[in-house]
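Hi there,

Here is the structure I promised to pass on. Have a look at it first, and my notes follow below.

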Amino acid sequence: QVQLVESGGGLVQAGGSLRLSCAASGRTAGIVRIAWFRQAPGRERERVAASTWTGELAAYADSVKGRFAISTDNAKNMVYLQMNSRKPEDTAVYFCAARRSIVGNYQDWGQGTQVTVSS
C-alpha cells in the first residue's frame, strides 16, 4: 500500500500560481501511475493530470491543459502539481492518487487539500 499526503493548498487570486505537493511513502516502488484529481462542491471528481511515476506520459484534462503541469521527484518520493493562470472554477479539493497496476482504478488516495481561487 502507498500512503499519500498532499500539501500546499490555500487561497490564491485569479491569475496567480500555486504549487501543490504530494509526499508518497510505503510501497512507492510499486507505483505505476500517479495523478491529481479535484472535486468541487456538487460536482463529480475530475482527473486533472496524470503521469507515470517517473514523470513520463503526462496527460491533462482539457480544462487545465496549458496551465497545469505534473512532475515527480522519485528521489524524494514527491509529486507536484504546478498550477498557473488560476481561474475561480479551479476552486476544489485536490487529491493525489496512485495506481499500482497498468490498468484499472487508482488504489491509493491522499486526504486532499483545499484550493480556493478568488476572482
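Six salt bridges turn up in this structure, which is a predicted model. Two of them involve Arg38. In one, Arg38 meets the side chain of Glu46, with N to O at 2.9 Å. In the other, Asp90 is the partner of Arg38, and the closest N and O atoms are again 2.9 Å apart.

Glu46 has 26% relative accessibility, so it is partly exposed.

Another salt bridge brings together the side chains of Asp108 and Arg100, at 2.6 Å from N to O. Here Asp108 is buried, with a relative accessible area of 3%, while Arg100 is partly exposed at 34%. There is also a network: salt bridges with shared partners join Arg38, Glu46, Arg67, Arg86 and Asp90.

Now to the cysteines. The structure has one disulfide, formed by Cys22 and Cys96, whose sulfur atoms are 2.2 Å apart. Cys22 is in strand E3 and Cys96 in strand E9, so the bond ties together parts that lie 74 residues apart in sequence. The torsion about the S-S bond is about -85°, which means the disulfide is left-handed.

Strand E3 has a partner worth a look. E3 (residues 18–26) pairs with E1 in the antiparallel sense, over six bridges, and Gln3 stands opposite Ser25 of E3. In a regular strand, side chains alternate between the two faces of the sheet. E1 (residues 2–7) has Val2, Leu4 and Glu6 on a covered face, and Gln3, Val5 and Ser7 on an uncovered one.

Last, the surface. Val32, Ile102 and Val103 make up a nonpolar patch there, with about 300 Å² of accessible area together. Val103 lies in the loop between strand E9 (92–99) and strand E10 (108–109). Its relative accessibility is 63%, so Val103 counts as exposed.

Happy browsing, and do write back with any questions!

Best wishes

Note on methods:
Residues numbered from 1 in each chain as written. Predicted model: local features only at pLDDT ≥ 70, side-chain atom pairs only at ≥ 80, totals over all residues. Heavy atoms only, no water. Patch = residues over 30% accessible without salt bridge, like charges linked within 9 Å, V, L, I, M, F, W, Y side chains within 5 Å. Areas by Shrake-Rupley, 256 points an atom, 1.4 Å probe, with all protein chains shown as cover. Salt bridge = Lys/Arg side-chain N within 4 Å of Asp/Glu carboxyl O. Helix = DSSP H or I, 4+ residues; strand = E, 2+ residues; numbered from the N terminus. Buried < 20%, exposed > 50% of the residue type's maximum accessible area, 1.4 Å probe, protein only. Pairing = 2+ DSSP bridges. Disulfide = S-S within 2.5 Å.
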